[in-house]
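Biologist: I am new to this structure and would like to learn how to read its features. Could you walk me through them, one at a time?

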Amino acid sequence: MEWENIENTCVMCLGDIMLDTFVYGSIERISPEAPIPVFKKHRKFSVLGGAGNVVRNLAALGCKTVYIGVSGMDAIGESVRQFLELLPSVTSIILPERGRKTPHKTRFVSQGQQVLRVDDETVMPLSDSTVEAVIETCLAYLPSCQAVVLSDYDKGFLTPILCEKVINAARNLGIPVIVDPKGHDYKRYLGATLLKPNAKELVSITKMPVQSNDDVVVAAKRLRTDIQVDHVLVTRSQEGMTLVSEQEITHIPTQAREVYDVSGAGDTVIATLTVALALGQTVLEAATLANCAAGIAVGKAGTAVVTRTELENKCDETSSRKIATLEHLLPLLTQWRRQHLRIGFTNGCFDLLHLGHLHILKQARQTCDRLIVALNSDSSVKELKGETRPIQNQETRAEILAALEIVDAVVIFSEDTPLVLIEQILPDVLIKGADYRVDQVVGADIVQAHGGRVFLAELLPGNSTSKTIARLEPAA
């Protein structure tokens with residue numbers, strides 16, 4: 001992902017802000033007064049929570065942020081303001097409202113586990129006058145923003161009229177609106193660009209099962225239609241994420257190796273997703289990046305943020321892990337099949353990646369949940385194309401392919417054909433260009449005999465590596 005314009009990119013964040021306090025201690029005995037554990041406090045600290053944690057993540061990624069919210073006229077509200085003032089490139093407008101408590105959540109943690117959470121808050125809709133003031137403020141700042149995120153914690157800030165006014169104004173300006181929903185009134189998000197419920201929330205709002213990938217897709221489609229949003233991204237804990245759009249359904253596997261603490265991970269996801277969309281990434285690219293950020297966040301303690309440097313390093317590491325030998329690929333195949341994911345397979349030299357290649361790869365990815373690209377080795381390309389090829393060595397070609405979000409694994413082979421790989425992988429879908437007939441595709445009979453199918457991808461006329469090279473050569 002290109003981050004060059006991040007400092008000039010502005011995101012508006014609206015939502016319920018709160019203070020998260022973490023109390024760390026130990027439990028070594030049961031109280032003599034009652035059958036309860038005795039918690040011995042060692043240390044305590046506080047950070048911004050709720051929409052405030054979204055703002056923290058936006059700031060950590062390096063974009064400008066306009067946060068608009070409300071607080072009570074209390075000490076916690078003052079603490080929230082002070083924390084916001086410390087964040088770089090953040091403009092915060094917090095309207096105080098009499099009779100409201102600023103939400104404060106206190107978590108008690110022992111040996112890495114939360115043992116108790118205490119919530120001190122007021123849950124009630126904003127007054128009409130406050131709603132009017134918030135809308136007026138939003139409309140004033142909106143034209144200078146590239147994306148809007150609604151971080152709903154169901155404390156009463158995101159009222160139906162507020163959501164309606166902001167979503168409609170943003171849509172008229174061509175600004176995407178990304179929603180992290182809560183509660184049971186999703187109609188308030190009508191017309192947003194993307195809705196990000198978790199699996200539990202999806203069940204609650206649709207009353208439909210989400211036990212399998214197909215279940216999730218059906219429920220997400222229903223939600224997408226009912227709320228008239230462009231995309232639904234379902235976060236599914238250890239199952240990763242599922243993105244459902246009008247023309248695209250993608251299952252994105254989790255990247256978390258060890259889950260230490262899930263507090264605030266959803267805020268990291270929504271912030272990363274919003275920044276990526278603000279920078280012009282596709283929804284799939286943004287979702288994949290957000291999934292990567294989630295993998296970092298859950299490996300941290302407390303309500304953690306993910307920095308741009310961490311995300312860049314993680315993405316580089318992920319690209320490198322995509323390049324695998326058959327030996328390392330087979331266990332991954334087993335994992336994918338346990339998740340009932342469709343596995344696609346295509347192959348080629350990919351010497352100079354051009355638009356024709358991308359056209360075929362995008363079609364290939366739409367036929368499956370995981371796409372494996374078998375790449376001809378340098379010696380294999382030389383045999384096929386002549387002594388002057390390849391232009392780029394196999395390591396470079398593999399890295400470029402692995403950097404594509406639509407590619408899930410790259411494996412290099414040296415034989416004339418990928419037949420041995422196909423026999424070992426047994427993909428569900430075998431993809432080749434439409435310049436072949438099915439009976440000409442290497443491995444077609446093997447795939448079909450195991451219940452798979454062959455897909456012939458439409459070609460993009462006028463695009464080939466040979467033609468590209470010819471244009472680069474000086475005229476005789």
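Predicted model: local features only at pLDDT ≥ 70, side-chain atom pairs only at ≥ 80, totals over all residues.

Biologist: Which hand does the crossing of H5 and H6 have?

Modeller: H5 passes H6 in a left-handed crossing.

Biologist: Let me try the next pair, H1 and H7. What are their angle and axis distance?

Modeller: Helix H1 (residues 51-61) packs against helix H7 (residues 265-278) at an angle of about 50 degrees, with the axes 8 Å apart. H1 and H7 are therefore oblique to each other. The crossing of H1 past H7 is right-handed.

Biologist: Which residues make the contact between H1 and H7?

Modeller: From H1 come Asn 53, Val 54, Asn 57, Leu 58 and Leu 61, and from H7 come Asp 267, Thr 268, Ile 270, Ala 271, Thr 272 and Val 275. Sorted by class, the residues of this contact are six nonpolar, four polar and one charged.

Biologist: Now the backbone, please. What should I look for there?

Modeller: Most residues other than glycine have a negative phi, and most peptide bonds are trans. With that in mind, look at Ser 89, a residue other than glycine with a positive phi near 60 degrees. Ser 89 sits in the loop between helix H2 (75-85) and strand S5 (90-96).

Biologist: How exposed is Ser 89?

Modeller: Ser 89 has a relative accessible area of 47%, which means partly exposed.

Biologist: What is the phi of Asp 154, and where is this residue found?

Modeller: Asp 154 is not a glycine, yet its phi is positive, at about 60 degrees. Asp 154 lies in the loop between strand S8 (147-151) and helix H4 (160-172). With a relative accessible area of 36%, Asp 154 is partly exposed.

Biologist: And the peptide bond from Arg 389 to Pro 390: cis or trans?

Modeller: That bond is cis, with omega near 5 degrees. Pro 390 belongs to the loop between helix H12 (378-385) and helix H13 (394-402).

Terms used: Residues numbered from 1 in each chain as written. Heavy atoms only, no water. Axes fitted to C-alpha atoms, helices over the stretch in contact; angles between N-to-C directions. Helix = DSSP H or I, 4+ residues; strand = E, 2+ residues; numbered from the N terminus. Parallel < 35°, antiparallel > 145°, perpendicular 65-115°, else oblique. Left-handed = near helix turned anticlockwise from the far one by under 90°. Contact = heavy atoms within 4.5 Å. Nonpolar A, V, L, I, M, F, W, Y, C, P; charged D, E, K, R; others polar. Buried < 20%, exposed > 50% of the residue type's maximum accessible area, 1.4 Å probe, protein only.
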